[in-house]
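Here are some notes for a colleague who is opening this structure for the first time. Please read them with the sequence and the model side by side.

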Amino acid sequence: MPRSNPGRLAALMPLPVDLALVLAVDTSGSVSEDRMALQIHGYADAFRTPHLLGAVRQGRFGRIAATFVEWSDAGRQTQAVDWTVIGDASTAQDFSLALVEAGRPTPGWTSISGAIDYSARLFGRSGIAATRRVIDISGDGTNNDGRPIADARDAAVAAGITINGLPILEIEPQLDSYYRDNVIGGSDAFIVAVRDSRDFAAAVLRKLLVEIAGIGAVDYTSLALRGPSPTARESADRSKSDNRR
């Protein structure tokens, strides 16, 4: 019987991380170039902050994996930045730069269901073993293309994936309610609503800190944005009490 090679076996095993995170950004026709730039730069700026890296290092493995998806209609999703393991300032900076340099796709309709289906498939091709798997959906409109949003959400949740939301309310002021009822799901799912796209960078950082640290490790009172937007705690409690998700 041939002798096993521990080094080779280790190289073939998936890399363990605390979190595998898909950042899925709406690039449909309703999103202006300015609003799209604010979204992307908001994520890029967040990954350069010491607060985020500090949260990453607090995990069991001290690293996460992230990828960036641009999406619009049911047949139009792009993995604009490949899976990147982030565990130090250098890898965080590399991922931030890749976000800014990613190409911009042609806009289309708004298929949140298509974005969820596409993002869920990426976990199986990541080469990563994650303690938690999260899809982070940001957008400014409701699902108007592709299969029903509840079907996509429920399939992802059944696979053990959590879907969190970052709705931008400038066009549809009640979009936060739509995201709570139709988009988010899974263990400790939550939303952070943005009433003004200029608040996006702050909202992204707050949201990422919750996702990286785990929902039980954060003071949710710090997550409420200006105005009557629901806090992350309210959205998380709603998700946990909803058995169908």
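1. Of the contacts in the chain with a separation of 6 or more, what percentage is accounted for by residues 24 or more positions apart? In this model, which is predicted, such residues account for 78% of those contacts.

2. As for the overall layout, the chain contains nine helices and five strands, and these follow one another along the sequence in the pattern α-β-α-α-β-β-α-α-β-α-β-α-α-α. The chain has 245 residues, of which 51% are buried, and it exposes about 10900 Å², with carbon and sulfur atoms supplying 51% of that area.

3. Within it, Leu 52, Leu 53, Ala 55 and Val 56 are buried, and, seen down the axis of α3, its buried residues fall within an arc of 155°, so they line one face of the helix.

4. Which elements do the buried residues of α3 pack against? The partners include three strands by name, β1 (15-26), β2 (64-71) and β3 (77-86), together with the helices α2 (33-46), α4 (89-101) and α8.

5. Helix α3, residues 50-57, and helix α8, residues 200-213, pack at an angle of about 10° with their axes 9 Å apart, which makes α3 roughly parallel to α8. On the α3 side the contact is made by His 51, Leu 52, Ala 55 and Val 56, and on the α8 side by Leu 205, Leu 208, Leu 209 and Ile 212.

6. Most residues other than glycine have a negative phi. Asp 188, although it is not a glycine, has a positive phi of about 60°. Is this residue buried, partly exposed or exposed? With a relative accessible area of 23%, Asp 188 is partly exposed, since the cut-off for buried is under 20%.

Definitions and conventions. Residues are numbered from 1 along each chain as its sequence is written. This is a predicted model: local features need pLDDT of at least 70, side-chain atom pairs count only at pLDDT 80 or more; totals for chains, interfaces and linings use all residues. Side-chain values use heavy atoms; hydrogens and water are left out. Axes are lines fitted to C-alpha atoms, for helices over the stretch in contact, and angles run from 0 to 180 degrees between N-to-C directions. Helices (H or I, at least four residues) and strands (E, at least two) are DSSP runs, numbered from the N terminus. Angles under 35 degrees count as roughly parallel, over 145 as roughly antiparallel, 65 to 115 as roughly perpendicular and the rest as oblique. Contact means heavy atoms within 4.5 Å. Buried means under 20% relative accessible area, exposed over 50%, partly exposed in between (1.4 Å probe, protein chains only). Accessible areas come from the Shrake-Rupley method with a 1.4 Å probe; for residues, only the protein chains shown count as cover. The arc is that of the directions from the helix axis to the C-beta atoms.
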